[in-house]
Amino acid sequence: MYTTELKSDPVAIARDDPALVAAFEARVAADEFIEPKDWMPEAYRRTLVRQISQHAHSEIVGMLPEGNWLTRAPSLRRKAVLLAKVQDEAGHGLYLYCAAETLGTSREEMIEALHSGKAKYSTIFNYPTLTWADMGAIGWLVDGAAILNQVPLQRTSYGPYARAMVRVCKEESFHQRQGFEIMMAMADGTPEQKAMAQDALDRFWWPSLMMFGPPDDNSPNTAQSMRWRIKRDTNDELRRKFVDITVPQAEFLGLRVPDADLKWNEARQSYDFGEIDWEEFYAVVRGEGPVAKERMKARREAWDEGKWVRDAAGAYDAKRRARLAA
């Protein structure tokens, strides 16, 4: 998933019946799935609604930078593959909105929260895609980071969310390979193409590390989400795994990771890396990213222009139900 800081509700936790909470905590600790009709603490439900809807919003907004390149991909094959990827992202958003709806929220409420700025989505999509190499960087880095987040979510404690992630993870693996293939082709191409690939890596490296969310010492709700088995790894654990996996891939491509402090730590058998610009991260979360306003403008326009389709589908469904009732 694409993570941003989530806030639980201590008042809601205090309101819940202690016996029910104890039974719930025991089920979660035993790695049982919680299902929609099961009792759950109100704070657990709210946290899931925020996390799942944010995940869905990220899939939908994430279609925009890629859709921008559908007509400009360098070959028919590249166009077809990119189109398939964009279609996958739309499907992921649909699965996730459906999973969130089982928690008592509605699609309209979630979309309104996105369009009003109340709900967040992954900060990575508030950066522009300037060249075709950015499609490679997004597939390789962004989808690679997403996979690390999402694979543990197949074992998250809420059943509908965990089951939705099975197919999502399979398709995200394809997306990551598609991006790496683009980077391989460009890094192996002309000097100009390799420079383009390096430029894309330079611009997307740090925003990709930010995708895992704030550092653990500034993420006060991580402990609660870990205890509820909503999360299986902390932000910093996932970030370090990503660096350890991705740096050798960059070396294979003959590209340089833009971090002067990056070095192998023999004692930990892991990479040390530089400090992330957290001021930039929080600014982008607040909606101050380079293309944040353009992204939201495009989403609102798409929602408004698609109203006639939603109305037509609703009218058809009403007629169908009336026929069945008769």
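**Pocket, helices and backbone**

Biologist: What volume does the second largest pocket have?

Modeller: This is a predicted model, in which local features need pLDDT of at least 70 and side-chain atom pairs count only at pLDDT 80 or more, while totals for chains, interfaces and linings use all residues. Residues are numbered from 1 along each chain as its sequence is written, and side-chain values use heavy atoms, without hydrogens and water. A pocket is an open set of points on a 1 Å grid over the protein atoms alone where a 1.4 Å probe fits, with protein on both sides within 12 Å along at least five of seven lines. Taking volume as the space filled by probe spheres set on the points, joined across faces, edges and corners, the second largest pocket has about 300 Å³.

Biologist: Which residues of its lining lie nearest the centre of the second largest pocket?

Modeller: Lining residues have an atom within 4 Å of a point, and this pocket has 13 of them. By class, nine are nonpolar, one is polar and three are charged (nonpolar: Ala, Val, Leu, Ile, Met, Phe, Trp, Tyr, Cys, Pro; charged: Asp, Glu, Lys, Arg; polar: the others, Gly among them). Nearest the centre lie I60, Y97, I111, R299 and W303.

Biologist: Which helix gives the most to the lining of the second largest pocket?

Modeller: Helices (H or I, at least four residues) and strands (E, at least two) are DSSP runs numbered from the N terminus. At least two lining residues each come from α4 (63-67), α5 (76-101), α6 (107-116) and α13 (292-305). With four residues, the largest contribution is that of α5.

Biologist: Which elements do the buried residues of α13 pack against?

Modeller: The 14 residues of α13 reach 20 Å from first C-alpha to last, close to the expected 20 Å (1.5 Å times one less than the number of residues). Its buried residues (under 20% relative accessible area, 1.4 Å probe, protein chains only) are A292, R295, M296 and R299. They cover an arc of only 90° (directions from the helix axis to the C-beta atoms), so they sit on the same side of α13. Exposed residues (over 50%) on the other side include K293, D304 and E305, whereas the buried ones pack, by contact of heavy atoms within 4.5 Å, against α3 (42-61), α4, α6 and α12 (278-288).

Biologist: What is the value of phi at Q269?

Modeller: Most residues other than glycine have a negative phi. R229, in the loop between α10 and α11 (235-253), has a positive phi near 60°, and at 22% relative accessibility R229 is partly exposed (in between the buried and exposed limits). Q269, in the loop between β1 (263-265) and β2 (270-272), is partly exposed at 46%. Phi of Q269 is likewise positive, near 55°.

Biologist: How far apart in space are A26 and L83, C-alpha to C-alpha?

Modeller: A26 is placed in helix α2 (residues 18-29) and is partly exposed, with a relative accessible area of 47%. In sequence, A26 and L83 are 57 residues apart. Their C-alpha to C-alpha separation is 45 Å.
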